[in-house]
Amino acid sequence: MVKLFFYILPFLVLFLPSLWVNYVLRKFNVTFSDMPFTGKELGEEILKEQNIRSVSINSIKQLDHYNPIEKKIHISEDKINKKSITSISVVTHEIGHAIQDRENYKPLKLRQTLIEKTLILQRIGSFLLIIGLPSIFAFTKSPFITLLAGIMIMGCLSTNVVIHLITLPVEFDASKRALNILKKYVPNKNLKQCRSVLRAAAFTYLAQSIVSIFRLKIILLSFINIFKSLIRR
């Protein structure tokens with residue numbers, strides 16, 4: 001039983017944050033019939049109140065985020081037009097980033113700079129990840145090229161983790177700003193629920209990045225197995 005626990009522990013450490021984030025966001029993404037606004041409707045009202053005219057709220061199929069270059073808030077389709085605690089909390093969290101952008105909040109600027117500087121490496125690494133190290137070696141027959149591809153893939157995955165670790169305060173600050181804003185619109189009895197969602201929103205990127213560590217381990221083991229087979233030859 002003890003040995004089994006130590007085998008399971010790494011998986012719990014890697015996947016529990018992501019599972020917790022998804023659980024919280026889904027738990028509170030339930031429609032409230034008496035809620036007077038959807039996430040988008042409240043978001044547009046807050047943007048007007050904050051005198052942020054250049055930012056729009058848009059639907060997206062992928063991860064919720066604020067794009068400081070395009071000045072767009074992207075919210076997933078299952079939240080944006082829903083009258084739920086998750087919807088209004090996540091939209092307001094992203095507005096928190098828009099406010100940071102307006103104020104030239106240094107940690108946000110640092111994160112954007114790091115993302116831009118590593119974008120090419122991330123794209124190359126992601127492309128190579130899709131192809132797979134065994135396929136790269138089978139095609140090139142070159143240990144050096146395979147080694148280079150492995151380094152790029154690991155660099156791609158580890159870069160995201162490092163960026164979000166360094167700039168985690170950006171997310172907490174956005175959620176803190178969002179909670180202060182929501183106090184004006186949400187009854188006190190629901191603020192605790194909003195706080196839970198905002199906490200999950202702050203950890204979203206980090207939780208997904210942590211999962212990539214597990215993928216990194218798989219790639220590394222695959223890489224080692226390839227070179228072991230080369231040595232045997």
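A: The protein chain exposes about 13,500 Å², and carbon and sulfur atoms supply 63% of this area. Accessible areas come from the Shrake-Rupley method with a 1.4 Å probe, and for residues only the protein chains shown count as cover. This is a predicted model, in which local features need pLDDT of at least 70 and side-chain atom pairs count only at pLDDT 80 or more, while totals for chains, interfaces and linings use all residues. Residues are numbered from 1 along each chain as its sequence is written, and side-chain values use heavy atoms, with hydrogens and water left out.

Q: How many helices and strands are there in the protein chain?

A: Helices (H or I, at least four residues) and strands (E, at least two) are DSSP runs, numbered from the N terminus. The protein chain has nine helices and three strands. Their order from the N terminus is α-α-β-β-β-α-α-α-α-α-α-α.

Q: Is S89 buried or exposed?

A: A residue is buried under 20% relative accessible area, exposed over 50%, and partly exposed in between (1.4 Å probe, protein chains only). S89, in helix α3 (residues 85–102), is buried because its relative accessibility is 0%. Of the 233 residues of the protein chain, 44% count as buried.

Q: Which residues does S89 contact, leaving aside neighbours within four places in sequence?

A: Contact means heavy atoms within 4.5 Å. With those neighbours left aside, S89 is in contact with L182, C194, V197 and L198. A second case is T118, in the loop between α4 (106–117) and α5 (119–131). T118 is also buried, at 18% relative accessibility. Not counting residues up to four places away in sequence, T118 touches T159 and I163. In the protein chain, residues 24 or more positions apart account for 74% of the contacts with a separation of 6 or more.

Q: What is a salt bridge, and how many are there by this rule?

A: Side chains of opposite charge can pair when their charged atoms come close. A salt bridge is a side-chain nitrogen of Lys or Arg within 4 Å of a carboxyl oxygen of Asp or Glu. By this rule the count is eight. One of them joins K184 to E49, with the closest N and O atoms 2.3 Å apart. This pair links distant parts of the chain, 135 residues apart: K184 is in the loop between α8 (168–182) and α9, and E49 is in helix α2 (residues 39–49). K184 is exposed, at 59% relative accessible area, whereas E49 is partly exposed, at 37%.

Q: Which residues are linked in a network of salt bridges?

A: The network links D64, D78 and K79. Within it, the side chains of K79 and D78 meet at 4.0 Å, N to O. K79 is buried, with a relative accessible area of 8%, while D78 is partly exposed, at 45%.

Q: Which residues form a nonpolar patch on the surface?

A: Patches are made of residues with over 30% relative accessible area and no salt bridge; like charges are joined within 9 Å, and nonpolar side chains (Val, Leu, Ile, Met, Phe, Trp, Tyr) within 5 Å. L110, V162 and I166 form the nonpolar patch, with about 250 Å² of accessible area together. I166 lies in helix α7 (residues 143–166) and is partly exposed, at 48% relative accessibility.
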